[in-house]
Amino acid sequence: MLRKPLKKTPMDESSQDLWQRGWYRFARPCASPNFGPRPGGIVIDLVVLHSISLPPGHYGTPHVAELFTNQLDWNAHPYFKTIEGLQVSAHFFITRHGDLWQFVSCEDRAWHAGVSSYRGKSNCNDDSIGIELEGLEGDTFTDAQYEALQSLMPALGVQYPIRHIAGHEHIAPGRKEDPGPGMRWDYLQDSLGFPEAFYPSSTHLQQPKK
Ligand SMILES: [Zn+2]
């Protein structure tokens, strides 16, 4: 079902060249049915970073893409029975090799955040873009994944008025723990080119900039 993702980088591309109706040119599209319209008048100013692997800790499987497209065989692994019927999606998924997939147009509302609240607003799915990194809470992420973020995040920044970058753990504290302590927020701050104020303040306390 899944073809090999494209491996390109955006160089000197205008916003029009990079995006078509919310679909990023350098991501491999794999359309998910799990989305809906965003509420009218919202401003997409938040990027939410997640981690996921299926089964947890198993990398390189097709199961995340299968989950996001409602094609996961719930009987294929005991863990899958514990999430049977789950209908979720993220806009983007970045594999351990840095391959970038897109499941939902950024113009639409993907189902990644759940019950959530951040920067004084609830229902973060309404006005955020969700990026899933193949990983596990507590595990680190690969250089290829950071490189993929370094291409994708600036491209999001030219198309949407991004002002906040947070983890699922920050928008649903106590309920969610991803992407977890393996995420190098300090490195993201240094490498993505967004102001420090865009990042979670608690992170600054845990991982002060050198
Ligand atoms: Zn998450």
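Tutor: Keep in mind that this is a predicted model.

Student: Which way do strands E6 and E7 run relative to each other, parallel or antiparallel?
Tutor: Antiparallel: E6 (residues 92–94) and E7 (residues 100–102) are joined by three bridges.

Student: In what order do the strands of the open sheet come?
Tutor: There are six of them, reading E3-E7-E6-E11-E5-E12, with mixed pairing. At the edges you find E3 (28–29) and E12 (164–167); each has a single partner strand, so one side of each has no neighbour in the sheet.

Student: Which strands does helix H4 lie across?
Tutor: H4 (residues 143–159) lies across E5 (46–52), E6, E7, E11 (128–134) and E12, and it runs at about 170 degrees to E11.

Student: Now the metal. Which residues are the protein donors of the zinc ion?
Tutor: His50 and His168, each through ND1, plus Asp178 through OD, lying 2.1 Å from the zinc ion. Along the sequence, the donor spacing is H-x117-H-x9-D. His168 sits in helix H5 (residues 168–171), while Asp178 is in the loop between H5 and helix H6 (185–192), so this pair ties together parts that are ten residues apart in sequence.

Student: Are His168 and Asp178 buried or exposed?
Tutor: The idea is to check relative accessible area: under 20% counts as buried. His168 has 3% relative accessibility, so it is buried. Asp178, at 4%, is buried too.

Technical notes:
Residues numbered from 1 in each chain as written. Predicted model: local features only at pLDDT ≥ 70, side-chain atom pairs only at ≥ 80, totals over all residues. Heavy atoms only, no water. Donors = N, O, S within 2.8 Å, 3.2 Å for Na, K, Ca; no water. Helix = DSSP H or I, 4+ residues; strand = E, 2+ residues; numbered from the N terminus. Buried < 20%, exposed > 50% of the residue type's maximum accessible area, 1.4 Å probe, protein only. Pairing = 2+ DSSP bridges. Contact = heavy atoms within 4.5 Å. Axes fitted to C-alpha atoms, helices over the stretch in contact; angles between N-to-C directions.
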